[in-house]
Amino acid sequence: MTRKQAWLTALATQFHRLPGLWLGKIDPDDSLARQILSAITDGILVTDTNLRIVEVNEAFTRVTGYTRHEAIGQTPRLLKSGRHGKEFYQRMWNALLLTGRWQGTIWNRRKSGEIYQEWVCISSFKDKTGQTTHFLAIFTDLSHQKALQNQIHLLAYYDSLTGLPNRELFNDRLDLALTQAHRDKSKIAIFFLDLDRFKTINDTLGHATGDLLLSAVAHRLSNCLRESDTVARLGGDEFTVILSGIHDQTQATTVADKILTCFKQPYTIGKRDLFIGTSLGISLFPDHGSDNETLVRHADTAMYRAKQRGMNCHVIYTPSMDIQYEQRLAIENDLRDTISENGLKLVYQPQIDLKTGRITTLETLLRWTHPQKGNIPPSHFIPIAEESGLIFEIGNWIFDTACTQIVAWREKYGLDICVAINITSRQLRNGKLVERIQEALHKARLPPAALELEITESVLMDDSRETIKTLENIKRLGIKIVIDDFGIGFSSLNHIKRFSIDKLKIDKSFIDDLNYGDGDKQLVKTIINMTHDLSLVATAEGIEKQDQLHELEMFGCDMAQGFLICAPRPASDMDDLLLNNTPWHKHFDAGDSLSTDSSLTMD
Ligand code: C2E
Ligand code: MG
Ligand code: MG
């Protein structure tokens, strides 16, 4: 075998098995050798024992930027980045002299000045007498690989929308923090945040706006915490925070308050100023759990409680929350089943015009008879339906059922009666409500003027753009708006005027108070007068006693509703009342008529 052939074979077969490679001196005129050198994609650099570069290949030039001509005669110092100290080179030379080989990563500098990392394998070559004649370095530019690795790391551990750590990294960091806290006997606080009403923003303003808002929230959250704290996005509108090295609960609540304050400022997204709050649950190590999963679950439970408390607040976990949470979850699942089995029912309660004694409106009230738990009051399951979003399906069913039923009665008995349907704030904030109501009215052929929507005062307080717009559209259609349970909330006259309300329903608690003293009577009288001054209709609800009704008539109240007149009844029991729509005092004896709402009596 010729010397050239031996070299070729060695290079081809042992290229990846340094240090067995024997290179020797390359003959510059050897065109085959040159072709092979230039075909190799890794950089090659050969020096003599004085460390003068005697040969490089084309890949060397591609990576370093130096031509063969520029490199030959120089030493590898040409590529020195300045990132490695003397010891680094010393270790390298020691290994080379001892074993004839060194390999590792090294920072070098390209001709352009850019510093890059390469994987390099250096071997020494000896002649027959054992004397070192050359050093050969074969290197791979790691820049692309590093960039790729960084990219993979980013994708695996960071949320691509907000740039915050994702669930994976959050778990890693929490595990680390827990190990440290076990050692230091310190506390950790875990915050679980869920943005309030984010879904409404996403649904009404679009996902692009939602995404921008999430990024802005992430940015603000990170800014209001220390760099050592971890803020992560678990997904959707859920964020978590790890506060390590704290010593008491107060430290955690102080930070939670700070976060809530940060949320008070609007976010400018495009041309809009958006307000968004957050519900924040807190769990503490070691007080509420010692492992990652338990602590996060408990913070989540506390967050859920913060939502129930009216949102935009923080709540610290307590063990009793778990039981309530499970119960709530069970109710939600059962409600879902009941809906799919068409198991919900509507009952109707008449409202009479106090001048004529005749029924003008029927209020629909929802009833759920649970197979094991019996009748579950709407005040219990409607908030769950609201939080879980089931309210939309339920609401649609109520609109269709009630509108169809009322049209059937209007036609059967030739009555001009209206239907009053209770709606929740979440329904009002949904941009599709008006469309849905129009559909139900159209399908049933019910005129919009025959529909009343009952909303509570708290809904008026939510003067979000969506609510205002929906209420305006409802009014534009000719549907009436009623404030239910008036007097117990905090709505101002301003709110009432602004939303062009049609009716106020005075809350039952004021009607009950009519039996006690003149002061309470005066209050009811004042509310009725104020209602009239605002050109609204005054309705009293929850009337149970004849003398309450008497007082209300004296005060000029327009409409009345309550067990005294008629308890809510299923549609099948309404015929005797609606037939001729006889004035109620002729229909019933006051004493006989007082019936409790049997549909709500537990079995
Ligand atoms: P609300 O709209 O103020 O309804 C009046 C509540 O008072 C009803 O309770 C009714 O059964 C009860 N009631 C009527 N007259 C009397 C009376 O003379 N004495 C007493 N003690 N109670 C009387 P219900 O059906 O338990 O509903 C409670 C609340 O649940 C409703 O208050 C309403 O806010 C909500 N709700 C009921 N049905 C629906 C519904 O279909 N959709 C929505 N969004 N909410 C509903
Ligand atoms: Mg009502
Ligand atoms: Mg009410």
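Biologist: In this predicted model, how far apart do the C-alpha centres of domain 1 and domain 2 lie?

Modeller: The C-alpha centres of domain 1 and domain 2 are 52 Å apart, where the domain assignment gives residues 3–147 to domain 1 and 158–318 to domain 2, with domain 3 covering 343–593.

Biologist: In what order do the five strands of the open sheet come?

Modeller: The order of the five strands is β2-β1-β5-β4-β3, with antiparallel pairing. Because β2 (53–56) and β3 stand at the edges and each has a single partner strand, one side of each is left without a neighbour in the sheet. From one strand to the next, the twist averages 25°.

Biologist: How many bridges join β3 to β4?

Modeller: The antiparallel strands β3 and β4 are joined by nine bridges, and one residue pair to look for is G104 with its bridge partner V120 in β4.

Biologist: How should I read a pocket, and how much space lies in the second largest pocket?

Modeller: The general idea is that a probe the size of a water molecule, rolled over the atoms, shows where empty space is left. Here the second largest pocket holds about 520 Å³ of space, and of the 23 residues that line it, P76, R77, Y89, M92 and W93 are the closest to its centre.

Biologist: Which helices and strands each supply at least two residues of that lining?

Modeller: Each of β1 (43–48), α5 (86–99), β3 (101–109), β4 (115–126) and β5 (132–141) supplies at least two residues of the lining of the second largest pocket. By residue class, that lining divides into 14 nonpolar, five polar and four charged residues.

Methods: Residues numbered from 1 in each chain as written. Chains lettered and ligands numbered in written order. Predicted model: local features only at pLDDT ≥ 70, side-chain atom pairs only at ≥ 80, totals over all residues. Heavy atoms only, no water. 1 Å grid on protein atoms, 1.4 Å probe; cavity = no way out; pocket = protein on both sides within 12 Å on 5 of 7 lines; lining within 4 Å. Points joined across faces, edges and corners; volume = space filled by probe spheres on them. Helix = DSSP H or I, 4+ residues; strand = E, 2+ residues; numbered from the N terminus. Nonpolar A, V, L, I, M, F, W, Y, C, P; charged D, E, K, R; others polar. Domains from an automatic or database assignment. Pairing = 2+ DSSP bridges. Axes fitted to C-alpha atoms, helices over the stretch in contact; angles between N-to-C directions.
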